[in-house]
Amino acid sequence: MGQFKVHRVRFFDFMPSGIRCMAFNSKADRLALARLDGSVEIFNFSNNYFQEKVIPGSDSRSIEAICWVGCDRLFTAGLNGEVVEYDLERLCPKYTLDAFGGPIWTAACNSEETHFAFGCEDGSVKLFEILPDKIQFERNLDRQKGRILSLSWHKSGMLIAAGSLDVIRVFDVKSGHSVQRILVDRGSAGTSNKDCVVWNVAFLSDYTIVSGDSAGKVQLWDANKGTLIKTHLVSKWDVLSLSVSENEDSIVAGTSEGTVVQFQLLSPKIGDMETQWVRTRTFKHHTHDVRAVTETRTAVVSGGLDTQLVICPLMDKVEVKSSESVLRKVIFPHRSLVSCAKKPSLLLFQFPDQLELWRLGGTDTIGKPGESLPVTRKPEKLLQLKRKGDDHICCSTISECGHWIAYSTVSSIRLYQLQCDNNNISITKLPKVLRSAHQLQFSADSSKLFVASEQATIHVISLSRSECKHVHTFKPKSGSSAPVHLLAASADGQWLTSANRHCEINVYNLKKLKHHCMVPVYNSLPSAMAIHPETNNLLVTHADQQMFEFGIVDKQYTDWSRKLQKEGLHRCRLKWGTPVTHITFNPQAPSQVILHDTHMFCIIDQSLPLDGLKAQFYSQLTPKDTSETDKPCKNNALKICSKYQPLLHVNLLEDDWLVVVERPLIDIHSQLPAPVKQKKFGT
Amino acid sequence: MATKRRGGFGARRKRNMEVKAVVDLGADSSDDDLPEEVTFEKAKADAVRSMRNALETVKRDKELLKEKRRKRQELFQQQKKRKLLSEDMLEEIESAYTKKGKPLDSEEQEKEESEEDEDSEEEVVNARLKESYKAVRLKDQIDANTRQESASDFIRSRLYGPGTNRTTTNQMLSLKNKTGNNKTAAVQFVNKNWGSENKGKAEKLKKRWVHSQTVVAN
């Protein structure tokens with residue numbers, strides 16, 4: 001099939017940020033996640049848990065609580081005292097509002113979605129009214145002594161439970177007075193000198209308050225009488241997160257030691273009508289503190305300081321064995337953070353606060369297959385470009401020749417011209433029509449820059465040594481304003497395709513400067529897209545692992561694509577949990593397509609027959625000379641290599657060199673904050 | 001209340017006169033002598049005088065206070081005037097606002113790379129202040145920052161402060177190693193960036209030891 005020499009790159013210090021809070025919107029089936037660096041990610045659970053949107057963070061923003069209102073409004077509140085509403089079409093904050101109560105610790109929306117309550121550092125609970133286009137301060141409830149760390153509305157909207165230090169208060173919303181004061185005990189004698197922080201409260205509709213505190217207890221209180229119903233000692237460390245399911249029959253609590261505990265409302269005796277909260281399951285999928293948990297209809301979603309999002313299915317709720325019934329861990333973002341300039345062998349790494357440009361090293365020795373060759377020329381870091389301003393970088397790209405670098409934040413786009421011989425770098429001004437970009441792409445001959453901007457418009461900028469001119473603006477025919485997340489340009493400079501968040505793929509003709517056609521919409525979001533350099537066929541992979549090939553010139557799906565849909569690739573291809581993030585082609589063998597996701601990369605040869613779902617799967621890691629394994633392998637179109645993982649990027653350079661950017665998980669784990677001390681027997 | 005007089009002089013005073021008079025008889029007069037004779041007019045004059053004095057002092061005090069207040073108000077006004085920009089600067093800015101910003105754009109292009117892209121209007125105001133200076137109200141900023149810092153300190157101390165029983169990542173990884181199926185080398189030997197300070201110290205110690213050995217040998 002192909003023999004390659006591999007550049008195995010491990011010097012990309014990609015460090016994801018820990019998860020702070022999350023909110024699940026059951027109407028839209030979407031999860032909004034906020035991380036410690038201020039970025040917000042939205043996952044579409046019905047679309048194979050694909051990371052649909054990413055709103056980059058900012059240095060000045062801190063997020064402590066996140067909340068959905070309706071289907072499409074997202075609010076966060078943080079320690080800088082500000083409430084931010086986000087524009088989910090333009091992927092940036094719409095406006096920020098200062099609550100004037102000091103740092104905001106928690107936010108909660110009532111069940112009718114008319115009012116917001118914020119718990120502040122100065123001990124006051126502030127009520128804001130939700131208007132169609134903004135929120136407005138209404139009034140303060142009675143101010144208390146300690147800081148308010150958690151809030152929960154009762155279903156009726158008349159009472160609010162607020163957790164503070166050592167105490168839980170129940171407020172009557174109409175009068176604003178505290179009607180009940182519940183003292184939380186400090187737990188076992190060893191921790192009695194530190195006050196007990198009630199990290200979470202939840203108000204159930206039968207007037208039971210569930211609280212999780214820093215002594216590791218989950219307690220159930222009666223809100224009418226102010227008495228304790230039951231205590232469950234869950235861990236020796238804090239219970240940092242708590243979530244109640246929608247029909248109030250299950251509570252999930254996340255602790256500092258990485259365990260997630262589930263309580264269910266069950267009757268202790270079969271046939272008995274009385275139900276109690278019973279601790280049922282314990283999951284240990286995390287190594288560090290679990291700071292956010294939520295429950296969907298069929299799964300428990302948890303995230304914490306170990307930066308992984310874990311979606312664990314509840315087997316009693318899952319009906320069909322489908323993609324829902326698999327444990328998923330989202331480790332890396334579902335888009336590529338590495339750009340490659342093939343001719344000068346340069347790699348551009350995107351960090352939230354800077355860009356790094358590296359030149360690959362090399363070796364002079366030739367070896368046998370399976371051997372690792374010594375590195376004679378070390379890889380060198382050519383450039384470290386720090387961003388300007390507070391906002392994090394959301395996209396970046398480098399041209400094929402390696403002379404142009406562009407990156408964008410929510411507030412600005414910058415274009416740089418590189419001269420590699422004397423390492424000179426100069427900044428070029430871009431025309432005023434551009435403010436921020438969702439995706440950037442250089443054309444194959446590095447003469448044009450395509451900027452996918454807000455409202456799904458694509459600007460074409462022509463580049464030259466002295467200045468940049470705005471040439472044209474493309475608008476999608478359907479008039480949709482969903483943000484564009486993928487751009488692909490053909491090698492001959494004639495075609496440009498864009499994919500947006502409404503699963504629409506538009507093809508534009510660059511020579512005639514007009515819209516050419518639109519690919520038939522497939523319900524799943526496209527995760528990677530590329531145009532074949534010779535045949536000009538567009539190859540698209542989607543979030544549900546389906547792959548299509550569309551002939552641009554003929555405006556219809558190719559025969560190979562129809563054959564693929566009929567016969568299908570091997571079934572193990574469909575089991576992959578992570579989406580494909582990059583597609584590339586082999587210039588030496590035009591029928592080969594190389595794709596990769598987080599755990600493997602594969603080569604599909606379009607000229608070989610497809611085996612279909614039922615055949616046995618043979619995979620070759622190293623070529624063997626024996627003839628028995630040769631025959632079945634040769635006829636299979638799909639070859640998978642999972643030797644290098646976890647992968648961030650795979651690309652083909654000239655002369656059969658393959659560059660593989662890995663990020664070993666242990667490198668990420670070694671830079672995480674301190675975990676709790678756990679004594680294990682026998683160590 | 002009128003004070004009582006010593007001796008049996010009797011109170012032949014007109015009761016409807018409300019006079020606050022305190023008459024000091026003098027401590028050095030002996031008890032046996034008759035008290036001095038004080039005429040009514042004299043007493044009345046004394047009382048009136050003292051009352052007038054009291055009123056005058058009160059008036060004077062009030063006036064003094066008024067003066068102080070007025071002076072302080074003037075001082076504040078002067079300080080405020082000084083704080084605001086001078087009149088001519090304001091006029092200049094206003095006139096520059098009405099002009100178009102084109103001549104300033106070319107100026108901007110010649111400036112260095114470190115210049116931020118700003119609107120032409122902002123450019124005018126910033127041209128007054130030097131490059132890369134921004135006017136902020138210190139009082140607001142410091143207050144908000146200290147509160148945010150105290151909040152993040154609170155959460156840091158609750159999660160990572162004393163008494164939270166935390167361990168290092170090294171411990172956790174070595175525990176994983178010991179309990180895992182494949183027992184591999186510790187992370188500090190596998191990962192070259194790990195524990196760089198300790199490795200640096202070890203290198204220095206080795207050099208020093210080798211040096212000391214060579215010195216001893218020579």
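A:K555 counts as partly exposed because its relative accessibility is 45%, where partly exposed lies between buried (under 20% relative accessible area) and exposed (over 50%), with a 1.4 Å probe and protein chains only. The model is a predicted one, in which local features need pLDDT of at least 70, side-chain atom pairs count only at pLDDT 80 or more, and totals for chains, interfaces and linings use all residues. Residues are numbered from 1 along each chain as its sequence is written, chains are lettered from A and ligands numbered from 1 in the order in which they are written, and side-chain values use heavy atoms, with hydrogens and water left out.

**Loop residues of chain A**

- A:K555 lies in the loop between β48 (547-551) and β49 (556-557) of chain A; helices (H or I, at least four residues) and strands (E, at least two) are DSSP runs, numbered from the N terminus.
- Although A:K555 is not a glycine, its phi is positive, at about 60°.
- Most residues other than glycine have a negative phi.
- A:D656, likewise not a glycine, has a positive phi of about 65°.
- The loop that holds A:D656 runs between β54 (647-652) and β55 (657-662) of chain A.
- With a relative accessibility of 27%, A:D656 counts as partly exposed.
- A:E504 is placed in the loop between β43 (495-500) and β44 (505-509) of chain A, and at 11% relative accessibility A:E504 counts as buried.
- Neighbours within four places in sequence aside, A:E504 is in contact (heavy atoms within 4.5 Å) with A:S478, A:S480, A:S498, A:A499, A:M518 and A:V521.
- A separation of 8.6 Å is found between the C-alpha atoms of A:E504 and A:P526, which are 22 residues apart along the chain.

**Architecture of chain B**

- Chain B has 8 helices and 0 strands.
- Of the 218 residues in chain B, 11% are buried.
- For contacts in chain B between residues at least 6 apart in sequence, 26% join residues at least 24 apart.
- UniProt, in an unreviewed entry, places a "coiled-coil region" at residues 48-78 of chain B; UniProt positions are given in the numbering used here, feature names are shortened, and annotations may be inferred rather than shown by experiment.
- In the model, residues 48-78 of chain B are 100% helix and 0% strand, with the end C-alpha atoms 45 Å apart.

**Interface of chain B and chain A**

- The contact involves 30 residues of chain B and 45 residues of chain A.
- About 3,100 Å² is buried between the two chains, with 58% given by carbon and sulfur atoms; buried area is the accessible area (1.4 Å probe) that two parts lose on being put together, summed over both.
- B:F154, B:R158 and B:R166 supply 20% of the area that chain B buries against chain A, more than any other three residues.
- There are 2 salt bridges between chain B and chain A, a salt bridge being a side-chain nitrogen of Lys or Arg within 4 Å of a carboxyl oxygen of Asp or Glu.
- B:R166 and A:D289 form a salt bridge through their side chains (2.8 Å, N to O).
- On the side of chain B that touches chain A, the elements giving two or more residues are α5 (138-160) and α6 (169-179) of chain B.
- The largest share of that side, 10 residues, comes from α5(B).
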